[in-house]
Structures are given as structure tokens and as C-alpha cells.
Amino acid sequence: MKQNISFNIYIMSYARPDVMLTEKLVEYSTLVVREEEYDEYKKYGHSNLISIPKGTVHDFASTFFWIINNTDEDVICILDDDIKSFSYRQDVYQLLKGDEGKEKATSELERVAQLLYDLNLGFGFSPMTGALYSYDREFAFKGMVGPVRWVNKNSFKATYDPNDAAAGDVDIMLQELLSNRIVLQEKYLCAANHQNEIIGKNEELSRQNHIDYVLAMKNKWGKYYGYDFRKNQAKIDVSR
């Protein structure tokens, strides 16, 4: 990062003190946990933590915006807590392993943060999937949000309404896309996580929650958001 630009990596974590993976993949980070779980995370050896006061957050969106509003850096990167690996993706995969992998992954997180700042953009994110066939460029300017997200606070325009059933990372992306006309999705650094395994543990509830969210998104965003339940694919239809 350039001098005079402050940056940090935050990992939002809930109910995973014993299996938290992400912090082992980067050179530095701050773990954000709920106050009622703080002691449990400390017990499992997590040292660089901040706690969210009890009753302040209840889901992804409220936690995401709490981190933005309660941290001091100009640009931040917010990671999911279940990332198990980072890889470079072009025509082949290159798994980032060991100390060298940590250094490369951290440098790439810093690089995208610098790009956001230089371009005066508010929001960046990784791809949701790492399929080789979907890599066709280094960056895209809209898309589905993966487990890595960057926020340039001076340019970030998305807001959070706790009563909005559509609140989530895709809603954040659409708010930014329609305000700033562009978001930044880097497509070459892929983060693999255990999301599908977690969903499978409570499949029926997760499916209904997912349907409710899609309907809320369609109601809020109309023509800009579509979803094909047969293919389990969302479509973002915003012309640039």
C-alpha cells in the first residue's frame, strides 16, 4: 500500500473458534467476533481479536457494516472465516501454500485495495467460484460476490437497513453498482471455502431462507436482478 493509506484485513467469524481456517492463510489479520463468543475464541488461541457488543449484530449484513463503521482504516478487506485455500487462476490453478503462499495472498489483497483507492471505487470482491472455464479476464466490473470483499470507505455508498429482507452482499454490490456505476471483481485470486458443506447440514431451512432472500431481492431490484432456480444461478442485469 502507498504511504498515508491505512489498510487492514478483517475476518468476520461466528461459532467457529475451534475450526477457524482463514487467519492461517494471510500474514496479518484481525478477527471480529461477537462479545458472547470472545472468551471461547481466546481459549482456542486466537489472539488478535475485537468483539462486537452483545445484541448489536445478528447476521452477515449487520456484521459487515459494523466492521466498516467501527474500524479506522481507509481501505479494509473483509474475509469469510471458512476459507481453506487461496489459488491463482488463469489457464491452470496455482495453489498458494506455506509462508510464500501467505505472502503472495496478502500482497494480492493489498494490491486490490490499492486499485480501489486509486480508481476511487467503493467495493471490490473475489469470484464466488473458481472454475477454470469462467476465467476470461483479470477483472470484471459486476458479478456475484465471493468470500473476499474490499471496501474503500471514502467512496463506499451502500447503506444498511436492518428491516430490509434483501440485505446481503449481492444487495451491497448492486447498491454500489448503481451508485458508482462500477464495482471491481478480481477474477484471478480464488478463495475456496466450505460454504456448500455448511449449507448441507441444514438443507431444508437453508433452502427456504435462500428462496425468501431471492424473492426479497427480486421485489427490491426488479429488472436488475434475476434468478433461475433450475440452474441455481443469479443474474445481474445492469447496463454500463
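In which sense do strand β5 (residues 83-89) and strand β6 (residues 93-96) pair, and over how many bridges? The two strands pair in the antiparallel sense, over four bridges. Here strands (E, at least two residues) and helices (H or I, at least four) are DSSP runs numbered from the N terminus, and two strands count as paired if DSSP finds at least two bridges between them. The model is a predicted one, in which local features need pLDDT of at least 70 and side-chain atom pairs count only at pLDDT 80 or more, whereas totals for chains, interfaces and linings use all residues. Residues are numbered from 1 along each chain as its sequence is written, and side-chain values use heavy atoms, with hydrogens and water left out.

S85 is located in strand β5. This residue is buried, with a relative accessible area of 17%, where buried denotes under 20% relative accessible area, exposed over 50%, and partly exposed in between (1.4 Å probe, protein chains only). Beyond neighbours within four places in sequence, S85 is in contact with L25, L95, C190, A191 and A192, contact being defined as heavy atoms within 4.5 Å. The C-alpha atoms of S85 and E103, which are 18 residues apart along the chain, are separated by 13 Å.

Buried positions in α3 are G101, A105, T106, E108, L109, V112, A113, Q114 and L116. Just after the helix, N120 adopts a positive phi of about 60°.

V26 lies in the loop between β1 and β2 (30-34). V26 counts as buried because its relative accessibility is 3%. With neighbours within four places in sequence left aside, its contacts are I9, L79, F86, K102, T106 and L109. V26 and D99 are 73 residues apart in sequence, yet their C-alpha atoms are 8.7 Å apart in space.

A further open sheet contains eight strands in the order β3-β2-β1-β4-β9-β7-β10-β8, with mixed pairing. Its edge strands are β3 (49-52) and β8 (139-140), each of which pairs on one side only. Strands β7 and β9 (residues 148-152) pair in the antiparallel sense over three bridges, and G124 stands opposite W150 in β9. Helix α4 packs on this sheet, touching β7 and β9, and its direction makes about 135° with that of β7.

The largest nonpolar core has 34 residues, of which F64, F123, F156, M173, L174 and Y225 have the most contacts inside it. A nonpolar core is a set of buried Ala, Val, Leu, Ile, Met, Phe, Trp, Tyr and Cys residues joined through side-chain atoms within 4.5 Å. At least two residues of this core are supplied by each of β1 (7-12), α2 (60-69), β4 (75-80), β7 (123-125), α4 (169-180), α6 (203-221) and β12 (225-228). Not counting residues up to four places away in sequence, L174 touches M217, W221, Y224, Y225, I236 and V238. Another core, of 32 residues, lies apart from the largest one and includes Y41, V75, C77 and F86.

No disulfides, defined as pairs of cysteine sulfur atoms within 2.5 Å, were found in a search of the whole structure. C77 is in no disulfide, the nearest cysteine sulfur being that of C190, 14 Å away. For C190, the closest cysteine sulfur, in C77, is likewise too far for a bond at 14 Å. Both residues are buried, C77 with a relative accessible area of 0% and C190 with one of 7%.

Definitions and conventions: Axes fitted to C-alpha atoms, helices over the stretch in contact; angles between N-to-C directions.
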